[in-house]
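Hi everyone, thanks for coming. Let's take a few minutes to walk through a structure together, and please have the 3D view open while I talk.

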Number of protein chains: 4
Amino acid sequence: MIKVAILGATGYTGEELIRLLSTHPETEIKMLVSHSTAGTPIDEIYGNFRNVCNLVCEELDIDKVASTCDVAFTALPHGASKEVIPALYKKGIKVIDLSGDFRYNDVKVYEQWYKDQHCAPELLKEKAYGLCELHREEIKKTNLIGNPGCYTTCSILGLAPLVASGKIDNKSIIIDAKSGVTGAGRGLGIDYHYSECDQNMKAYKIATHRHTSEIEQELSLLAKEDITLSFTPHLVPFKRGIYATCYANLKDKASYDELIKIYNEFYKDEHFIRVLQNGKIPQVKDVAGSNFVEIGLAVDERLNRVVVVSTIDNLVKGASGQAIQNMNLMFGLDEKTGLEAPGYYL
Amino acid sequence: MIKVAILGATGYTGEELIRLLSTHPETEIKMLVSHSTAGTPIDEIYGNFRNVCNLVCEELDIDKVASTCDVAFTALPHGASKEVIPALYKKGIKVIDLSGDFRYNDVKVYEQWYKDQHCAPELLKEKAYGLCELHREEIKKTNLIGNPGCYTTCSILGLAPLVASGKIDNKSIIIDAKSGVTGAGRGLGIDYHYSECDQNMKAYKIATHRHTSEIEQELSLLAKEDITLSFTPHLVPFKRGIYATCYANLKDKASYDELIKIYNEFYKDEHFIRVLQNGKIPQVKDVAGSNFVEIGLAVDERLNRVVVVSTIDNLVKGASGQAIQNMNLMFGLDEKTGLEAPGYYL
Amino acid sequence: MIKVAILGATGYTGEELIRLLSTHPETEIKMLVSHSTAGTPIDEIYGNFRNVCNLVCEELDIDKVASTCDVAFTALPHGASKEVIPALYKKGIKVIDLSGDFRYNDVKVYEQWYKDQHCAPELLKEKAYGLCELHREEIKKTNLIGNPGCYTTCSILGLAPLVASGKIDNKSIIIDAKSGVTGAGRGLGIDYHYSECDQNMKAYKIATHRHTSEIEQELSLLAKEDITLSFTPHLVPFKRGIYATCYANLKDKASYDELIKIYNEFYKDEHFIRVLQNGKIPQVKDVAGSNFVEIGLAVDERLNRVVVVSTIDNLVKGASGQAIQNMNLMFGLDEKTGLEAPGYYL
Amino acid sequence: MIKVAILGATGYTGEELIRLLSTHPETEIKMLVSHSTAGTPIDEIYGNFRNVCNLVCEELDIDKVASTCDVAFTALPHGASKEVIPALYKKGIKVIDLSGDFRYNDVKVYEQWYKDQHCAPELLKEKAYGLCELHREEIKKTNLIGNPGCYTTCSILGLAPLVASGKIDNKSIIIDAKSGVTGAGRGLGIDYHYSECDQNMKAYKIATHRHTSEIEQELSLLAKEDITLSFTPHLVPFKRGIYATCYANLKDKASYDELIKIYNEFYKDEHFIRVLQNGKIPQVKDVAGSNFVEIGLAVDERLNRVVVVSTIDNLVKGASGQAIQNMNLMFGLDEKTGLEAPGYYL
């Protein structure tokens with residue numbers, strides 16, 4: 001059994017790690033670390049864990065984590081991860097970081113978009129970017145994962161085959177993305193107050209959201225050239241889900257059949273990626289609660305433009321599920337282990 | 001592996017049976033029966049099953065069901081079940097019926113509340129009422145289960161310890177119950193239209209809802225006297241969940257501690273029943289998506305009245321999860337098999 | 001034109017006062033008082049007021065309020081109102097208080113349920129309890145209104161005809177009440193976080209909610225005897241609305257027709273109260289956004305029990321709309337002025 | 001008083017016409033026409049109208065409409081309007097049509113996008129396109145209004161100043177639009193079933209939605225050249241609101257300040273259009289329930305692209321409110337009459 005520690009156990013990605021690992025056949029959660037709730041059993045914080053997991057949250061003790069556990073998931077706020085991970089990493093245990101701190105290849109990009117100095121830039125070379133479908137072999141070999149963001153996972157997987165194909169004008173990419181409210185986490189804020197948030201929607205951080213840079217990094221790798229793109233996030237009144245509607249101009253005319261074939265081929269061995277056929281368009285409820293991604297596309301022939309639509313559960317494939325998929329790869333397990341449950345639908 | 005057929009596979013309880021069985025380690029779904037969608041793969045109807053289950057729905061063929069499967073779940077409308085089940089039952093396979101047709105001990109009660117003549121009253125003696133926590137031994141021995149209703153499961157389990165204790169005035173019982181919208185099923189109706197249903201709530205069928213009679217049957221057994229009670233269902237704008245607020249007058253003064261001890265004792269060996277301590281009151285999100293039940297209580301000392309609050313997921317413990325729990329018992333498996341996932345919370 | 005000040009303008013009842021008064025033909029809002037946002041235009045806080053009202057919030061200055069305005073609505077937290085109102089009242093302007101501070105006839109009841117000492121008990125004799133349908137004449141004569149609570153308005157109006165009729169056992173009253181989330185106000189709290197609150201419901205403060213005492217005061221007056229009753233509030237995931245399901249044992253047998261006639265008679269001159277006929281049961285969306293109350297009832301003949309269902313918009317008839325109805329009465333206007341808009345329905 | 005008939009009174013736009021007209025000081029509703037509910041009082045269909053409007057729905061009688069009323073709002077399905085309107089129009093009364101039948105200048109565009117032959121193409125020359133802010137003078141002079149669609153109103157008003165300014169590449173326009181569920185009307189459908197629709201979102205009719213052609217017609221007029229653009233509608237789980245996120249490439253570099261000044265100037269006399277300043281981004285709740293439009297914008301300097309965000313209530317400014325605004329203009333009233341109420345916010 002793989003022994004697991006979760007740092008930042010009481011945020012939503014922490015909750016999802018516990019939820020998913022509670023039915024994972026090859027893991028045992030040994031430690032839940034949470035400064036703010038140290039001393040409290042997790043099932044008093046999240047009642048869904050009563051009779052399932054009653055571990056008591058504890059303060060961070062890096063020696064204890066390293067001596068007790070094989071892997072640590074760090075579900076800490078951006079900035080906090082990079083203070084803790086170098087010490088953990090040096091102890092030799094595997095670390096999967098769900099923050100933005102270890103996702104970048106170029107520390108300057110991180111520092112520019114996160115407006116924060118990085119204290120362990122040397123680790124950025126050791127890490128693998130944990131988007132399993134694109135970096136599987138690197139993930140298997142590393143001890144440090146920068147687990148991708150939710151918007152980024154959805155956007156990159158939606159656009160990857162198209163960008164790799166060279167069929168689009170890379171300067172024309174626009175991603176109009178919508179997120180459920182759990183993406184904002186458990187912290188209180190007037191924007192997430194039920195009475196302010198339900199029956200409402202709005203765009204935010206237009207042209208300035210951090211995930212823009214992460215999407216650009218990965219699509220640039222696929223394109224083998226620098227890509228700059230427009231990214232607009234929206235807050236939408238449902239709990240789970242990212243929905244990305246992506247636009248790009250086609251270099252030459254291309255039919256739906258031609259493009260869908262590119263997607264089918266690109267993802268033909270990917271269990272978690274479901275490319276919809278026959279013009280079918282994805283919807284959030286088909287993936288919510290699961291590690292699956294759904295992708296569909298349409299061609300706007302009048303404008304020679306392609307529209308790709310992609311959806312994931314932000315907390316699962318966009319965070320904790322993908323983190324476990326990474327763990328499975330790092331420990332030589334079948335990538336699907338513990339992640340085969342279908343979405344909730346209802 | 002237990003070979004399973006689901007009749008009425010495309011309703012919501014059918015969908016939940018597939019969802020839950022897809023991670024059950026001891027079953028294999030062999031047949032999905034649905035007249036209206038015969039010929040269509042289930043994952044075209046419920047997209048969450050893509051890459052999980054792609055069985056094609058088929059017309060009912062009783063011989064085929066009986067020769068292919070060990071157990072049939074009948075998730076058919078009330079009235080339709082009783083037309084099909086006698087033939088299935090005679091073939092010797094186990095049948096778990098999710099309709100109201102085989103829940104009653106007295107056919108007259110059924111006929112009065114369902115305003116329908118029963119065509120197989122002799123089977124009512126063969127059946128077990130599938131409320132596992134109260135009828136476990138009978139369930140293990142029968143081949144026919146009348147799987148309880150959603151409101152009834154929640155209400156009976158909430159009140160059982162109190163009624164069995166003899167501490168309340170049985171004439172004073174009032175159940176004010178609230179249901180999520182999935183309880184109304186997948187059929188269209190103006191009341192379940194999003195624009196009519198969201199931001200709204202209402203009571204319906206006050207004093208006339210069928211589940212009243214089912215609750216009375218079971219509580220009367222526990223009380224060893226006939227109980228008549230008030231039951232008011234409400235439609236509330238969330239998807240999953242039953243929430244029952246139950247009132248009864250105490251015969252003599254009794255403290256919270258005294259009453260909670262009765263509950264703790266009554267349910268001390270029950271994995272799926274979580275009695276909340278220290279005055280904690282249940283909430284829907286702690287059980288939604290799971291087979292768990294949460295129960296809490298309060299004593300209104302000024303009035304010498306007890307208020308018991310109970311909550312379940314209507315589609316899981318209130319239908320498909322409980323049906324699987326019954327199946328586990330009938331096949332000698334650990335009752336918890338395939339049902340250990342915690343609730344969704346988010 | 002009646003010159004109006006709103007103290008506590010930036011809470012939800014403040015917002016609703018501004019929303020409703022903005023189309024009231026006989027009023028002019030002169031001052032918006034809010035300590036926390038002094039200096040900010042109201043339409044920066046509530047964007048719906050852009051091009052409608054751009055008054056700048058200001059600090060409280062009692063002399064200025066009294067010299068500028070004819071009436072002050074105090075939409076302050078419980079406890080804060082009673083610190084401010086004596087001074088305002090002495091200046092001779094009319095005061096309509098939306099807190100719990102001036103609703104009680106007996107200061108001891110206030111102090112017991114609010115666990116706070118009252119600093120102006122002498123004003124309790126001057127005030128009228130602002131439930132217009134029951135205290136219209138007193139309201140016309142006073143300069144100080146204790147505007148009723150939301151749960152209380154809904155519960156009292158639902159039960160008043162029955163209690164006044166003497167047909168029920170006053171010891172058997174149970175009120176199972178459900179509130180939309182705006183009832184909790186604009187303050188942040190984990191229970192009102194969208195991700196925690198949507199798709200959830202729960203009871204709270206069973207047998208201990210303050211509104212219990214307010215309902216008892218008014219029903220006791222109608223019954224001409226002391227009434228003690230059970231009151232259970234629930235938080236339900238919609239924005240606006242109170243839904244009260246009330247139970248009582250009938251002293252003697254009584255038919256639906258007999259009881260509905262009592263309601264029709266009791267409310268025959270009341271514009272804002274709509275008694276539903278022919279067994280129709282109220283629903284929240286018919287009153288949300290409006291000052292109307294809907295009441296329906298059912299008789300449970302098997303148990304000789306009556307079930308009364310009542311619904312209002314908590315922010316309108318349960319707070320700001322009723323406050324304006326009181327103002328209309330105090331200034332000799334038609335009670336309906338500015339309050340005739342129908343509910344939103346959608 | 002203007003005497004009003006509403007044809008198609010029981011759909012959602014019919015309901016909103018009644019709701020808004022019930023507080024309009026210059027109108028009197030004389031006839032509600034609805035084939036399917038003829039004989040039923042409107043307040044039995046929409047309970048919010050009890051004590052507000054109890055007109056009985058009746059069958060269509062064109063002579064009666066023309067002899068009784070000054071104006072008819074036709075809130076009929078697309079295709080049905082054009083069968084009725086020629087007869088009404090000939091009788092000389094004013095007609096405001098909320099369907100798509102009389103919105104086009106070129107009958108061929110209608111027939112291509114609606115896949116239906118037009119039976120009264122000659123009336124297209126008589127009609128005014130009822131987007132008040134752009135066609136005010138024509139509206140004042142005509143007896144026939146083609147009232148704009150919801151997506152189109154939001155999109156056109158969002159982009160109009162920019163297109164008129166000549167600052168963008170007209171071939172680069174992309175509109176990513178999101179609609180609340182009331183936009184789909186009251187008809188039943190699995191996509192609008194609460195349990196299928198809540199907690200879900202999806203795009204639909206990508207590159208093929210009819211409103212595309214209507215937006216193109218109006219923007220082409222402003223650009224004085226033919227515009228073809230991408231339009232993607234999405235169904236989002238709230239009741240009221242359209243939210244359009246519009247993208248276009250700037251021909252030359254332009255700052256936020258420069259562009260916002262263009263908007264401020266373009267809409268400087270428009271009461272219902274609120275251009276947000278200082279980078280503020282609109283949100284649905286600020287306009288829901290009202291006739292207001294909110295527009296904000298951002299410049300993506302890295303890509304020299306502008307993002308315009310626009311929001312309206314689909315049932316008010318996107319349908320019935322705008323229809324009343326048109327009526328006001330046609331009858332020489334102040335355009336704002338009866339439409340001054342602020343949005344609901346809550």
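Before we compare chains, a word on how it is done: copies are superposed by least squares on the C-alpha atoms of residues with pLDDT of at least 70 in both. That pLDDT cut-off is there to remind you that what you see is a predicted model.

So, what rotation superposes chain D on chain A? A rotation of 180 degrees does it, with 0.0 Å of shift along its axis and an RMSD of 0.0 Å. That is the relation of a two-fold axis. Now look at where these copies touch: 100% of the interface residues of chain D are also interface residues in chain A, so the two meet through the same surface.

Next, please zoom in on chain C and find its sheet. This open sheet has 7 strands in the order 8-9-7-10-13-12-11, and the pairing is mixed. At the edges sit strand 8 (202-203) and strand 11 (273-275) of chain C, each pairing on one side only. Strand 12 (residues 293-300) and strand 13 (residues 305-312) of chain C run antiparallel and are joined by 7 bridges. If you want one pair to click on, C:Ala298 stands opposite C:Val307 of strand 13. Helix 10 (residues 256-266) of chain C packs on the sheet, where it touches strands 11, 12 and 13 of chain C. Its direction makes about 155 degrees with that of strand 12.

Over to chain A, for two helices. Helix 7 (residues 150-165) and helix 10 (residues 256-266) of chain A pack at an angle of about 110 degrees, with their axes 9 Å apart. That makes helix 7 of chain A roughly perpendicular to helix 10 of chain A. Among the residues making the contact are A:Leu159 and A:Leu162 of helix 7 and A:Ile262 and A:Phe266 of helix 10. The contact residues divide into 9 nonpolar, 2 polar and no charged.

Last stop, chain B: how many residues of helix 1 (residues 12-21) are buried? It is 9 of the 10, so helix 1 of chain B is largely enclosed by the rest of the structure. The buried ones include B:Tyr12, B:Glu15 and B:Arg19. Their packing partners include strand 1 (2-7) and helix 11 (316-330) of chain B, together with helix 8 (194-197) of chain D.

Conventions. Residues are numbered from 1 along each chain as its sequence is written. Chains are lettered from A and ligands numbered from 1 in the order in which they are written. This is a predicted model: local features need pLDDT of at least 70, side-chain atom pairs count only at pLDDT 80 or more; totals for chains, interfaces and linings use all residues. Side-chain values use heavy atoms; hydrogens and water are left out. Two strands pair if DSSP finds at least two bridges between them. Helices (H or I, at least four residues) and strands (E, at least two) are DSSP runs, numbered from the N terminus. Contact means heavy atoms within 4.5 Å. Axes are lines fitted to C-alpha atoms, for helices over the stretch in contact, and angles run from 0 to 180 degrees between N-to-C directions. Angles under 35 degrees count as roughly parallel, over 145 as roughly antiparallel, 65 to 115 as roughly perpendicular and the rest as oblique. Ala, Val, Leu, Ile, Met, Phe, Trp, Tyr, Cys and Pro count as nonpolar, Asp, Glu, Lys and Arg as charged, and the others, Gly among them, as polar. Buried means under 20% relative accessible area, exposed over 50%, partly exposed in between (1.4 Å probe, protein chains only).
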